[in-house]
Amino acid sequence: MLRKLFLLATLAAVAASAQARLQEERLEVPVTVQDRYGQSETRLVRTSLFGDDARKGVAPVAVILHGRPADSAAKADMGRARFSAAVDFFVKRGYVVAVPTRIGYGVTGGRDVEASGNCERREFGPGFQAAADQTLAVLEAVRKRPVIAQDRTVLVGHSYGGIVALAVAARKPAGLQAVVNVSGGAGGDPRLRPGQPCSTFPLAQQLRSFGTAVRVPTLWLYASNDRYFGATVPKQWFDAYSRIGGTGEFVDVGRVGADGHALFTHFPGIWQPRVASFLDRHGLRAARTGRGSQS
């Protein structure tokens, strides 16, 4: 069962002439997953669901997937995943936006089911599987609502969440139209190994397997000064993904701030025009909202 808590909040102006009202609904979606040792963990995956309260008719859905902090304390302290600028961007385009906080993080809590082992021999598959299971459960819960368009879903992932988005897409959920991967990867540690992530080849193998299954367009956005993954490794991952069949566009946006890994969270002015263009080119144009304006 889903337990719902409705919260209304008034945000800053989303256009020069109008002010949006963003509706946030909090969902708790029960999910059971397994870690790489086969041990099960059952939790209520706490998810924030956002939409424009003035919008009429059915809406496409965007699911935004968070990354993986480098240490356990940061995982516990991350609270509730939100991504305010990204939520605002997609809501303005007429989307309902789901932002789950996965098992092992923040308000959802629980064991770290995405742990992949030591640096030299990372086993990424089970962690991606667990994260994908949770994402699909949240998406299923959201898609049961009559206001949700069944044929227009976009997955958006930041950092580890970017690869999770591809893992979900490889399972071909109904209605999925596109994937946006911003600074996606795994095994990075900006403090101990800046720009030199662990076990890059195992992740490339994982991405190659995703590439054989994903059949929707994908956009990969990276900054050249990403302290988690560096400038060259992400291109190798993209090459592995696209070598056999994965379709996508890789965009290097250049240097961004002190650490380009913050592209998605701190530099919306850089990624949003590129994502808007990508969505428009693939038939996912801005939807007219109930306020009579179009973003």
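Is Trp271 buried or exposed? With a relative accessibility of 1%, Trp271 counts as buried, because the cut-off for buried is under 20%. Before that, a word on what we are looking at.

This is a predicted model. The protein chain has eight helices and nine strands. It has 295 residues, and 53% of them count as buried. As for contacts in the protein chain between residues at least 6 apart in sequence, 74% of them join residues at least 24 apart.

Now the aromatic residues. Searching the whole structure gives 14 aromatic pairs. One of them is Phe89 with Trp271: the ring centres are 5.4 Å apart and the planes stand at 75 degrees, so this pair is edge-to-face.

Phe238 is in helix α6, residues 233-244, and Phe250 is in strand β9, residues 249-252, so the pair ties together parts that are twelve residues apart in sequence. How do the two rings stand in terms of burial? Phe238 has a relative accessibility of 12% and therefore counts as buried. Phe250, at 22%, counts as partly exposed.

Next, helix α4 and its surroundings. Helix α4 covers residues 160-169 and helix α5 covers residues 200-211. In general, a packed pair of helices is described by the distance between the axes and the angle between them. Here the axes come within 9 Å and cross at roughly 35 degrees. The crossing of α4 and α5 is left-handed.

Which residues of α4 and α5 meet? On the α4 side they are Ile163, Leu166 and Ala167, and on the α5 side Leu203, Leu207 and Phe210. By class, that contact of α4 with α5 has six nonpolar residues, no polar ones and no charged ones.

How many residues of α4 are buried? Ten of its ten residues are, and the helix is described as mostly covered.

Arg68 lies over the face of the Tyr160 ring, at 5.9 Å from the ring centre.

Most residues other than glycine have a negative phi. Ser159 has a positive one, near 60 degrees. Ser159 lies in the loop between β6, residues 148-158, and α4. With a relative accessible area of 4%, Ser159 is buried, because that value is under 20%.

Ser199 also has a positive phi, near 45 degrees. Its place is in the loop between β7, residues 176-182, and α5. What is the relative accessible area of Ser199? The value is 12%, and Ser199 is therefore buried.

The loop between β7 and α5 also holds Arg193. Leaving out residues up to four places away in sequence, Arg193 touches Cys119, Gly187, Gly188, Cys198 and Arg227. From Arg193 to Tyr228 the C-alpha to C-alpha distance is 7.7 Å, and the two are 35 residues apart in sequence.

Last, a residue in helix α1. Ala73 is found in that helix, which covers residues 72-77. Its relative accessible area is 46%, so Ala73 is partly exposed. Ala73 and Gly106 are 33 residues apart along the chain, and their C-alpha atoms are separated by 9.8 Å.

To recap the main points on the predicted model: Phe89 and Trp271 form an edge-to-face pair, α4 and α5 make a left-handed crossing, and Ser159 and Ser199 have positive phi values.

Notes. Residues numbered from 1 in each chain as written. Predicted model: local features only at pLDDT ≥ 70, side-chain atom pairs only at ≥ 80, totals over all residues. Heavy atoms only, no water. Axes fitted to C-alpha atoms, helices over the stretch in contact; angles between N-to-C directions. Helix = DSSP H or I, 4+ residues; strand = E, 2+ residues; numbered from the N terminus. Left-handed = near helix turned anticlockwise from the far one by under 90°. Contact = heavy atoms within 4.5 Å. Nonpolar A, V, L, I, M, F, W, Y, C, P; charged D, E, K, R; others polar. Phe/Tyr/Trp six-rings, centres within 6.5 Å; stacked < 30°, edge-to-face > 60°. Buried < 20%, exposed > 50% of the residue type's maximum accessible area, 1.4 Å probe, protein only. Lys NZ or Arg CZ within 6 Å of the ring centre and 35° of its normal.
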